[in-house]
Amino acid sequence: QLKVLESGGGLVQPGGSLTLSCTASGSFFRVGAMGWYHQAPGKQRELVATITSGSSTNYADSVKGRFTISRDNAKDTVYLQMNNLRPEDTAVYYCNVELCDGPACTDYWGKGTLVTVSS
């Protein structure tokens, strides 16, 4: 059974840092693009950052210069290093992973991890 599991959320003060992790498990041929999205209360889910299988990255303007996405292909894991956190970063953070079996790829979502930025 294919699974995507996030970890690393929690409560942090403004200006603090957190690192989120997300690991894909199960039987698949390869991992394609990986990414992080967040959803604040009452708002739609939005892209935070993505990273391709070739490690090209893309960031939302609101997190550029503060967040860094990276991946460890040997571990099928994607990370999101979040620095200088702001109260407006408070949201549930979801991992999205493209899992491929031959030429066919399917997006999988984790259940989310809550990040709260508050003093």
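**An all-strand protein, from loops to core**

At 24% relative accessibility, D76 counts as partly exposed, since that label covers whatever falls between buried (under 20% relative accessible area) and exposed (over 50%), worked out with a 1.4 Å probe on protein chains only. D76 sits in the loop between β7 and β8, and its phi is near 50°, a positive value in a residue other than glycine.

The model is a predicted one, where local features need pLDDT of at least 70 and side-chain atom pairs count only at pLDDT 80 or more, while totals for chains, interfaces and linings use all residues. Residues are numbered from 1 along each chain as its sequence is written, and side-chain values use heavy atoms, with hydrogens and water left out.

As for the overall build, the protein has eleven strands and zero helices; these are DSSP runs numbered from the N terminus, with strands (E) of at least two residues and helices (H or I) of at least four. The C-alpha atoms fill a box of roughly 45 × 25 × 25 Å along the principal axes. The radius of gyration is 14 Å, which agrees with the value near 14 Å for a compact globule of 119 residues; it is taken over C-alpha atoms, and the globule rule is 2.2 Å times the number of residues to the power 0.38. Of the 119 residues, 39% count as buried. Among contacts (heavy atoms within 4.5 Å) with a separation of 6 or more, 54% come from residues 24 or more positions apart.

Inside, the largest nonpolar core holds 30 residues, and W36, L80, M82, Y93 and V97 touch the most other members. Such a core is a set of buried Ala, Val, Leu, Ile, Met, Phe, Trp, Tyr and Cys residues joined through side-chain atoms within 4.5 Å. Strands that each supply at least two residues of this core include β3 (18-25), β4 (30-39) and β8 (77-82). The largest share, five residues, comes from β9. Leaving aside residues up to four places away in sequence, M82 touches G16, S17, L18, L20, R66, F67, Y93 and V115.

Back in the loops, S55 lies between β5 and β6 (57-59). Phi of S55 is also positive, near 75°, in a residue other than glycine, and at 43% relative accessibility S55 counts as partly exposed. Q44, in the loop between β4 and β5, counts as exposed at 68% relative accessibility. Not counting residues up to four places away in sequence, Q44 touches H38 and Q39.
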